[in-house]
Amino acid sequence: MAAAWGLSLTAAALRAVTPWPRGRLLAASYRPKALREASSSSPETDEGQIHLTDSCVQRLLEITEGSEFLRLEVEGGGCSGFQYKFSLDTVINPDDRVFEQGGARVVVDSDSLAFVKGAQVDFSQELIRSSFQVLNNPQAQQGCSCGSSFSVKL
């Protein structure tokens, strides 16, 4: 249970409750809501980019150390067909795209990027949970009522 609440813990406490050296799973959900957009520092055009909100950048700077970054993956599953998966990682693969802002990095593999390009990554802190979320995903047609999965536009 402690790992589910790990996002509100410090980086040292997070490491204490999650023993995996790589790919530590973090809470994830999809919940559209209006937030201001923060752009990636990449000089490329907006197409194919992932945008990080200020709260995402701030939280990543708090919980990552050294070469760690947030990995965003899209997996099959959930009520609507696809779901987001967040984890802390240290290995960048050849097919990964790195999105950096203010020293915080989010890495997305090329297959997952097709499902989230143009979206925002946010960190939301509420009374009962804290989580990274994908917001304003232009590739998503709709989300499910539980807020943890989405279907893609065809």
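**Getting oriented**

This is a predicted model, in which local features need pLDDT of at least 70, side-chain atom pairs count only at pLDDT 80 or more, and totals for chains, interfaces and linings use all residues. Residues are numbered from 1 along each chain as its sequence is written, and side-chain values use heavy atoms, with hydrogens and water left out.

The predictor's confidence in each residue is called pLDDT and runs from 0 to 100. Here the average is 75, and 65% of the residues score at least 70. A contact means heavy atoms within 4.5 Å. Where pLDDT is low, the predicted coordinates should not be read in detail.

The protein has three helices and eleven strands. These are DSSP runs numbered from the N terminus: helices are H or I with at least four residues, and strands are E with at least two. In order from the N terminus, the elements read α-β-β-β-α-β-β-β-β-α-β-β-β-β. Among contacts between residues at least 6 apart in sequence, 61% join residues at least 24 apart.

Of the 154 residues, 43% count as buried. Buried means under 20% relative accessible area, exposed means over 50%, and partly exposed lies in between (1.4 Å probe, protein chains only). A nonpolar core is a set of buried Ala, Val, Leu, Ile, Met, Phe, Trp, Tyr and Cys residues joined through side-chain atoms within 4.5 Å. The largest one here has 26 residues, and Leu 72, Val 121 and Phe 132 have the most contacts inside it. Several elements supply at least two residues each, among them α2 (54-63), β4 (69-76), β8 (120-125) and β9 (130-135). The element that gives the most is α2, with four residues. Beyond its neighbours within four places in sequence, Val 121 touches residues including Ile 50, Cys 56, Leu 72, Phe 86 and Phe 132. As background, nonpolar side chains in soluble globular proteins tend to be buried together.

**The β8–β9 hairpin**

Strands β8 and β9 form a hairpin with four residues between them. They run antiparallel and are joined by six bridges; two strands pair if DSSP finds at least two bridges between them. Why is β9 described as largely enclosed by the rest of the structure? Because six of its six residues are buried. Ser 130, Phe 132 and Val 134 point one way from β9, while Ser 131, Gln 133 and Leu 135 point the other way.

Rings of Phe, Tyr and Trp (its six-membered ring) pair if their centres lie within 6.5 Å; planes under 30 degrees apart count as stacked, over 60 as edge-to-face and the rest as tilted. The structure holds three aromatic pairs. One of them is the tilted pair of Phe 86 and Phe 132, at 6.0 Å centre to centre with 35° between the planes. This pair links distant parts of the chain, since Phe 86 is in β5 and Phe 132 is in β9, 46 residues apart. Phe 86 and Phe 132 are both buried. Ring pairs also bring in Phe 123, making a cluster of Phe 86, Phe 123 and Phe 132.

| Residue | Relative accessibility | Class |
|---|---|---|
| Gln 83 | 25% | partly exposed |
| Gln 120 | 1% | buried |
| Asn 136 | 38% | partly exposed |

Gln 120 lies in β8, and its side chain makes a polar contact of 2.6 Å with that of Asn 136. A polar contact is a pair of N or O atoms within 3.5 Å; within protein, one must be able to donate a hydrogen and the other to accept it, and residues adjacent in sequence count only if both atoms are side-chain atoms. Asn 136 is found in the loop between β9 and β10 (140-143). Although it is not a glycine, Asn 136 has a positive phi of about 50°. Most residues other than glycine have a negative phi, and most peptide bonds are trans.

Gln 83 belongs to β5 (residues 82-89) and stands opposite Ser 149 in β11. Strands β5 and β11 run antiparallel and are joined by two bridges. Gln 83 and Phe 150 are 67 residues apart in sequence but 6.2 Å apart in space, C-alpha to C-alpha.
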